[in-house]
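Here are my notes on the model, point by point.

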Amino acid sequence: MTENMSPINFPTLETERLILRQMTLEDADFVFQYFSASAVSQYLMDEAPLTEYAQAQEIIEFYLEPEGKTHNRWIMIRKSDGQPIGTCGFHKWDKRYFRAEIGYDLSPSFWGQGYMLESLRAVISHGFEQMKLNRIEALVYVENHRSIQLLQRLGFKQEGVLRDYFYLDGKFYDHSLFALLRSEWKS
Ligand SMILES: CC(C)(COP(=O)(O)OP(=O)(O)OC[C@H]1O[C@@H](n2cnc3c(N)ncnc32)[C@H](O)[C@@H]1OP(=O)(O)O)[C@@H](O)C(=O)NCCC(=O)NCCS
């Protein structure tokens with residue numbers, strides 16, 4: 001993307017309490033500290049917690065300049081104090097079938113305040129309206145009750161259980177497949 005081209009697929013989004021902007025390499029401290037904390041990684045059975053700073057930089061590089069890519073990650077910044085509190089975004093965007101997966105995580109000290117619900121409402125509206133998605137999917141470890149409750153609050157429906165879907169540290173983990181269709185979304 002050139003400097004003067006505004007992002008279409010993954011622009012900065014704003015909600016009542018938050019700004020959602022794309023990650024930059026300046027976010028490496030936050031990303032490292034955050035994804036090496038066991039409470040955030042506890043239910044992310046597709047990736048082990050980070051142990052080296054370079055891994056945080058690799059994650060950010062994967063997400064840099066997302067226009068034209070099939071994935072992105074917004075950093076959630078609290079407006080009141082500029083504090084980064086979590087991340088969320090799309091991946092596996094399949095334009096042919098109008099679908100993508102959603103992913104999200106919040107620093108544990110900000111759980112229980114509705115920040116992710118607020119963010120995902122904006123992200124989902126953006127997905128259906130601007131990205132023209134018809135179906136948004138989420139894969140959740142079956143014992144990740146907070147995440148399941150969040151998806152249900154947003155109107156996602158459980159479609160099945162994918163047995164032994166992810167493997168980490170010598171163990172397989174069942175994951176539930178949830179999805180939300182554009183026709184079911186009330187923004
Ligand atoms: C999944 C995760 C983002 C959910 O976080 P969360 O804080 O439970 O979700 P929300 O930010 O939407 O907050 C909802 C809670 O805030 C409360 N709340 C407080 N103020 C609120 C407000 N203004 N608006 C809405 N809810 C509010 C709600 O009642 C609810 O509380 P409850 O869970 O005690 O009923 C978080 O647990 C997490 O990051 N987990 C680790 C990573 C992870 O599992 N990612 C998903 C992989 S599939």
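1. Isoleucine 148 comes out as partly exposed because it has 18 C-beta neighbours inside 10 Å; on this scale 20 or more other C-beta atoms within 10 Å make a residue buried, 12 or fewer make it exposed, and partly exposed is in between, with C-beta atoms placed from the backbone. Its place is in helix α5. Helices here are DSSP runs of H or I with at least four residues, strands are runs of E with at least two, and both are numbered from the N terminus. Leaving aside neighbours within four places in sequence, isoleucine 148 is in contact with Val140 and Ser176, where contact is a pair of C-beta atoms, placed from the backbone, within 7 Å. Alanine 138 is 10 residues from isoleucine 148 in sequence, and the two C-alpha atoms are 9.5 Å apart.

2. A word on the ground rules. This is a predicted model, in which local features need pLDDT of at least 70 and side-chain atom pairs count only at pLDDT 80 or more, while totals for chains, interfaces and linings use all residues. Residues are numbered from 1 along each chain as its sequence is written.

3. Back to α5, residues 145–153: which of its residues are buried? Ser147, Leu150 and Leu151 are. They cover an arc of only 95 degrees around the axis, so they sit on the same side of α5; the arc is taken over the directions from the helix axis to the C-beta atoms. The cover over these buried residues includes α4, β6 (135–141) and β8 (171–181). Turn to the face pointing away from the buried side and you find the exposed residues His145, Gln149 and Gln152. Just after α5, glycine 155 has a positive phi of about 95 degrees.

4. Helix α4 runs over residues 115–129, which is 15 residues, and spans 21 Å from its first C-alpha to its last, close to the 21 Å expected at 1.5 Å a residue. (The expected span is 1.5 Å times one less than the number of residues.) Buried in α4 are Tyr115, Met116, Ser119, Leu120, Val123, Ile124 and Gly127. Looking down the axis of α4, you see these buried residues fall within an arc of 140 degrees, so they line one face of the helix.

5. Leucine 20, in strand β2 (residues 18–22), is worth a click. It counts as buried because it has 24 C-beta neighbours inside 10 Å. Neighbours within four places in sequence aside, leucine 20 is in contact with Thr12, Leu13, Trp74, Met76, Ser119 and Ala122. Arginine 153 is 133 residues from leucine 20 in sequence and 21 Å from it in space, C-alpha to C-alpha.

6. How do α1 and α3 pack? Helix α1 (residues 28–35) meets helix α3 (residues 53–63) at an angle of about 115 degrees, and their axes are 9 Å apart. That makes α1 roughly perpendicular to α3. For the cut-offs: under 35 degrees is roughly parallel, over 145 roughly antiparallel, 65 to 115 roughly perpendicular, and the rest oblique. The axes are lines fitted to C-alpha atoms, for helices over the stretch in contact, and the angles run from 0 to 180 degrees between N-to-C directions. On the α1 side the contact involves Ala28, Val31, Phe32 and Phe35, and on the α3 side Tyr53, Ala56, Gln57, Ile59 and Ile60. Val31, Phe32 and Tyr34 are buried in α1, and the buried residues of α1 pack against α2 (38–41) as well as α3.

7. Two non-glycine residues with positive phi deserve a look. Glutamate 65 has a phi of about 45 degrees and lies in the loop between α3 and β3. With 14 C-beta neighbours inside 10 Å, glutamate 65 counts as partly exposed. Aspartate 164 has a phi of about 50 degrees and lies in strand β7 (residues 157–168). Aspartate 164 is exposed, with 10 other C-beta atoms within 10 Å.

8. Phenylalanine 128 is 55 residues from serine 183 in sequence, yet their C-alpha atoms are 9.6 Å apart.

Terms used. Two residues are in contact if their C-beta atoms, placed from the backbone, lie within 7 Å.
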